Every structure is written in structure tokens, then in C-alpha cells.
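Hi,

Here is the structure I promised to pass on. Have a look at it first, and then read my notes below.

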Amino acid sequence: MTAIHPPGPRRRRPPLPWVLPLLLLAGCDGPQSALRPGGSDALQLDRLFWVMLAGAVVLWLFINGLFFAATRLQHGPMSRKRAEALIIGGGIGLPLVVLTVLLGYGLSIMPDQRAPGDGLRLRVTGEEWWWRVEYWPPGATEPVVSANEVRLPVGQRTEIELAAADVIHSFWVPGLGGKTDMIPGRVNHMSLQPVEPGLYRGQCAEFCGLSHALMAFQAVALEETEFDAWLAQESQGIGDATQAPGYAIFEREGCGACHALRGTGARGQVGPDLTHVGGRESLAAGILPMTAEALADWIAHPEAFKPGAEMPAYDHMEEADLLTLATWLEGLE
Ligand code: CUA
């Protein structure tokens with residue numbers, strides 16, 4: 001028999017089918033990975049993922065085995081009785097057993113995912129496109145207000161109330177737990193219990209407009225004593241930082257109309273509280289580093305970093321004033 005195609009140069013073998021999943025799995029690391037759990041809820045979800053994956057692999061092998069048996073080992077037509085047994089057993093019996101077991105396991109971990117807190121309460125409100133964060137320690141009559149960063153004590157279960165100011169957002173720190181939607185007009189509840197101190201990254205997980213992808217935040221898990229010291233410091237006003245020239249510029253430019261600085265007359269509620277802005281790990285809801293240069297760029301051209309942001313551009317300011325203001329803000333820790 002003659003070959004249909006003349007022999008050409010040796011064709012390269014296609015990449016092995018397992019290379020692609022391995023490459024994809026290589027991306028499942030970093031501070032925003034659910035496969036690097038650092039909270040008790042995330043640990044449960046991580047286990048759920050691996051159990052599901054293992055189950056799927058076993059089923060896949062089993063079904064492929066059946067396919068092999070039916071096509072290679074079976075010769076001739078199958079008896080009606082055997083075909084019926086296969087359809088009832090494989091089509092109804094097997095999925096019923098597998099799905100019931102998986103559902104039971106999934107339901108069994110749900111109560112833990114909604115466990116009540118140990119005392120500290122947080123209220124996080126989704127705004128376009130940043131996070132208002134209020135800390136309510138037990139017995140507090142007013143909250144310690146912050147923004148765009150969530151700090152939690154390790155070993156403690158913290159209750160988190162989730163609200164939305166404008167549209168639906170979703171609060172998600174994959175390394176600490178599952179996600180919960182933030183819906184205007186109602187308050188949803190979740191709780192998180194970090195077990196591993198460190199920096200985790202959160203992300204809004206519900207499409208909420210132009211800059212949805214730029215609505216992130218840092219979640220910082222601190223040892224309990226460290227957390228208490230931080231919260232005590234965070235509850236203070238800005239003190240004698242009002243003596244610095246940066247504060248005069250802040251006042252002159254009218255920043256206090258939108259931003260609050262505790263301990264001063266600046267009580268604006270429209271934008272993030274800036275009392276300890278320099279102490280945060282990032283700027284503008286997780287998209288810029290907390291440096292004086294980034295602050296200056298942000299103040300002058302917010303729309304260049306976050307399309308649709310309500311913060312007006314302060315590009316009329318003198319470069320020197322801008323840097324003085326930015327350096328002063330960065331110093332507010
Ligand atoms: Cu907020 Cu997406």
C-alpha cells in the first residue's frame with residue numbers, strides 16, 4: 001500500500017496532556033490563593049477542594065475503565081438484562097451514592113463557616129471602589145474607623161458584618177475563608193479565624209463597575225498582643241501632626257470635606273478615613289504601594305490609576321506642595 005502523504009520532516013509530538021494542568025496549578029500560590037490556607041475556614045475549604053478533586057479523579061478513571069471494557073473487551077452485542085443493569089447501576093445508582101456522600105460532606109462543614117465570633121466585630125462596607133472598615137471591640141460605643149485593609153487577631157474568630165453603600169460587592173480573602181456578597185440595604189454576616197500570622201490579599205469578587213478589578217485590599221493577621229497594641233494605636237487621633245506644614249496644605253485644599261482625620265476638624269465621610277493612612281500596607285484599595293511618590297501621583301491623577309473613581313484630580317497643585325502633603329500623609333502611621 002502506498003502512503004497517502006509523502007514522508008515529511010519528523011513531526012513534533014504534541015505536549016503531553018498533563019503539562020497544561022501543571023502549568024495552571026503553578027499559578028495557585030501567593031497571598032491570594034485559596035490553596036495556601038492560613039485560616040481555619042480556608043483550611044476546611046482547601047480540604048474540600050482536594051477531596052472533590054480526588055473523587056473526580058477516581059470517577060474519571062472508573063468511567064474510562066468502563067469505556068475501555070465496553071469497547072475493547074466486550075465482543076458482540078450485550079444482553080438486554082446486562083445493559084439494563086449497567087444503565088440503572090451506572091446512570092442512577094452510582095451518581096446517587098457519590099453525590100449524596102459529597103453533599104453530606106459539604107453540608108457538614110457549613111456550620112463552622114458561619115460560626116459566631118469571639119468578641120471583636122468588624123463592619124466592612126463596599127464602596128465604589130474601596131472598603132470602609134470599622135472595628136468594634138467588645139463594649140465599644142463607637143468604632144475605630146479605617147479603610148482598605150483588614151487586620152485580624154490570630155486564633156480569635158472575628159465576626160464580620162458586610163454592607164454595601166452603592167452596588168453589590170463581594171468580600172473575599174481566599175487565604176482565610178470563603179466569600180460573601182455585600183448587598184445594598186442589608187447586612188450579611190461571616191466570621192474569619194486566622195491561624196497563621198501574615199499578609200493575605202483580598203479582592204472584590206462581584207462585578208461592581210468600571211474599577212471592580214482594582215478593588216482589592218490587604219488582610220493582615222497579627223498575633224493577639226500585637227493586634228491589641230495596633231488597635232489601641234489605631235484608635236488614637238493624629239496628635240501633634242497638625243503642627244506640620246502638610247496639615248496646612250490638607251486644610252487649604254479642602255481634603256477634609258471628603259476625608260476624616262481623627263483629632264482634627266476634618267470629618268468628611270465620602271472617602272476613606274486617613275487618620276493612619278501611612279500605616280497601611282497599600283494605597284487606593286490594594287493597587288499602589290504606600291509611598292510618598294505613589295500618594296502624590298494618586299492625589300494628582302486618581303483617574304489614571306482607577307477609572308471612574310470619585311476622587312477629583314488635584315493636578316493644579318504645585319509639585320512641592322503635593323510632595324509635602326504626600327510625605328506628611330505617609331507619615332501618619
Ligand atoms: Cu466591588 Cu467588585
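A quick definition before the notes: two parts are in contact when they have heavy atoms within 4.5 Å of each other. Also keep in mind that this is a predicted model.

Let's start with helix H5, which covers residues 224–234. Its buried residues are Phe-227, Trp-230, Leu-231 and Glu-234. Looking down the axis of H5, these buried residues fall within an arc of 100°, so they line one face of the helix. An α-helix has 3.6 residues a turn, so residues three or four places apart point the same way. And what do the buried residues of H5 pack against? Strands, namely S2 (130–136), S3 (144–147), S4 (149–153) and S10 (216–222).

Next up is helix H9, residues 319–330. H9 has 12 residues and reaches 16 Å from its first C-alpha to its last, close to the 16 Å expected. Leu-322, Leu-325, Ala-326, Trp-328 and Leu-329 are the buried residues of H9. Seen down the axis of H9, they fall within an arc of 160°, so they too line one face of their helix. The cover over the buried residues of H9 includes helix H6 (245–252) and helix H7 (292–300). On the face of H9 turned away from its buried side you'll find the exposed residues Glu-319 and Ala-320.

Last, the surface. Phe-49, Trp-50, Leu-53, Val-57, Trp-60 and Leu-61 make up a nonpolar patch there, with about 600 Å² of accessible area together. Trp-50 sits in helix H2 (residues 40–73), and at 40% relative accessibility Trp-50 counts as partly exposed.

Cheers

Terms used
Residues numbered from 1 in each chain as written. Predicted model: local features only at pLDDT ≥ 70, side-chain atom pairs only at ≥ 80, totals over all residues. Heavy atoms only, no water. Helix = DSSP H or I, 4+ residues; strand = E, 2+ residues; numbered from the N terminus. Expected span 1.5 Å × (residues − 1). Buried < 20%, exposed > 50% of the residue type's maximum accessible area, 1.4 Å probe, protein only. Arc of directions from axis to C-beta. Patch = residues over 30% accessible without salt bridge, like charges linked within 9 Å, V, L, I, M, F, W, Y side chains within 5 Å. Areas by Shrake-Rupley, 256 points an atom, 1.4 Å probe, with all protein chains shown as cover. Salt bridge = Lys/Arg side-chain N within 4 Å of Asp/Glu carboxyl O.
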